Amino acid sequence: ARQDLRGGRRAIDVPTSICFKMKDSTSFKDVLIGLFIVASIGFGLYWFASAMIDKIAGIEGDLGKTLVTASVTVLLAVISLVGGKLWEQKLKIREDIRAKKIPVYEKQIETFFSVFLAEKAGGKKPNDNEIAKAFMHFTEKLIIWGNSDVIKAWVNFRLNKWDESSGETSLKLMEDLFLAILKDLGNDSKKLSDHELIRLFV
């Protein structure tokens with residue numbers, strides 16, 4: 001009997017666009033808010049620096065020039081320090097999230113390998129209930145840690161009508177999921193040819 005890789009016998013035909021409309025809207029708002037905050041901080045620093053330089057420049061002689069130079073140096077140092085800390089914090093958050101993603105993706109890839117290769121390795125192939133539990137667990141974790149490309153690829157994979165679609169279409173959907181996972185983890189997959197990842201299961 002043909003095994004249902006959706007993790008169940010039925011799929012809900014929900015348009016994929018609906019699943020991401022709210023998420024895309026939220027992301028766009030976050031970008032706008034971020035740009036507004038950065039622009040406001042930049043304008044505030046520029047206004048403060050200009051005002052200070054104008055004040056100091058009014059002082060005659062070498063003392064004024066020295067104070068202007070020192071002020072500019074201090075301002076640049078502060079901007080560099082703050083900018084460096086913000087960038088460092090951003091990288092740390094990104095790495096922390098990546099560390100959470102890895103075991104989620106590893107477990108799901110393990111499920112695929114058990115479905116296709118367990119019997120070849122002398123193991124037991126999981127039944128439909130076991131696959132359904134594994135897929136449900138992956139979906140739960142994906143909502144928290146997956147990026148939009150992986151979620152979209154997973155939705156397309158789960159909603160695929162396996163009994164009606166061709167084998168090539170089904171394999172393409174699975175490969176799209178793998179490629180999205182690789183991209184989300186920062187791995188380069190540009191040199192991989194079509195179906196090269198699928199060949200690993202042969």
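Good morning. In what follows, a helix is a DSSP run of H or I covering at least four residues, and helices are numbered from the N terminus. By that definition, Glu-175 lies in helix 5, which covers residues 167-184. Please keep in mind throughout that the model before you is predicted.

Let me stay with Glu-175 for a moment. Is this residue buried or exposed? Glu-175 is buried, and yet no salt bridge is assigned to this side chain. The nearest side chain of opposite charge belongs to Lys-172, at 5.8 Å. A salt bridge requires a side-chain nitrogen of Lys or Arg within 4 Å of a carboxyl oxygen of Asp or Glu. Leaving aside residues up to four places away in sequence, Glu-175 touches Ser-193, Asp-194, His-195, Glu-196, Leu-197 and Ile-198.

One of those contacts, His-195, deserves a separate remark. His-195 sits in the segment after helix 5. Its phi angle is near 65°, a positive value in a residue that is not glycine. With a relative accessible area of 29%, His-195 counts as partly exposed, because that class falls between the limits of 20% for buried and 50% for exposed.

I turn now to the aromatic residues. How many aromatic pairs does the model contain? The count comes to 8. One of them joins Phe-112 and Phe-157 in an edge-to-face arrangement, with 5.5 Å from centre to centre and 80° between the planes. This pair links distant parts of the chain: Phe-112 belongs to helix 2 (residues 62-117) and Phe-157 to helix 4 (residues 148-158), and the two are 45 residues apart. Both Phe-112 and Phe-157 are buried.

Phe-157 has a further partner in Trp-154. Why is this second pair described as stacked? The ring centres of Trp-154 and Phe-157 lie 5.5 Å apart and their planes meet at 15°; planes under 30 degrees apart count as stacked, so the pair falls into that class. Trp-154 and Phe-157 are 3 residues apart in helix 4, which means that about one helical turn separates them. Trp-154 is buried, as is Phe-157.

These residues also belong to a wider group. Ring pairs join Tyr-105, Phe-112, Phe-135, Phe-138, Trp-154, Phe-157 and Phe-178 into a cluster.

Finally, I would draw your attention to the surface. There, Ile-33, Phe-36, Ile-37 and Ile-41 form a nonpolar patch, and together they have about 430 Å² of accessible area. Of these residues, Ile-33 is found in helix 1, which spans residues 16-57. Thank you for your attention.

Methods. Residues are numbered from 1 along each chain as its sequence is written. This is a predicted model: local features need pLDDT of at least 70, side-chain atom pairs count only at pLDDT 80 or more; totals for chains, interfaces and linings use all residues. Side-chain values use heavy atoms; hydrogens and water are left out. Buried means under 20% relative accessible area, exposed over 50%, partly exposed in between (1.4 Å probe, protein chains only). Lys and Arg count as positive and Asp and Glu as negative; His and the chain ends are not counted. Contact means heavy atoms within 4.5 Å. Patches are made of residues with over 30% relative accessible area and no salt bridge: like charges are joined within 9 Å, nonpolar side chains (Val, Leu, Ile, Met, Phe, Trp, Tyr) within 5 Å. Accessible areas come from the Shrake-Rupley method with a 1.4 Å probe; for residues, only the protein chains shown count as cover. Rings of Phe, Tyr and Trp (its six-membered ring) pair if their centres lie within 6.5 Å; planes under 30 degrees apart count as stacked, over 60 as edge-to-face and the rest as tilted.
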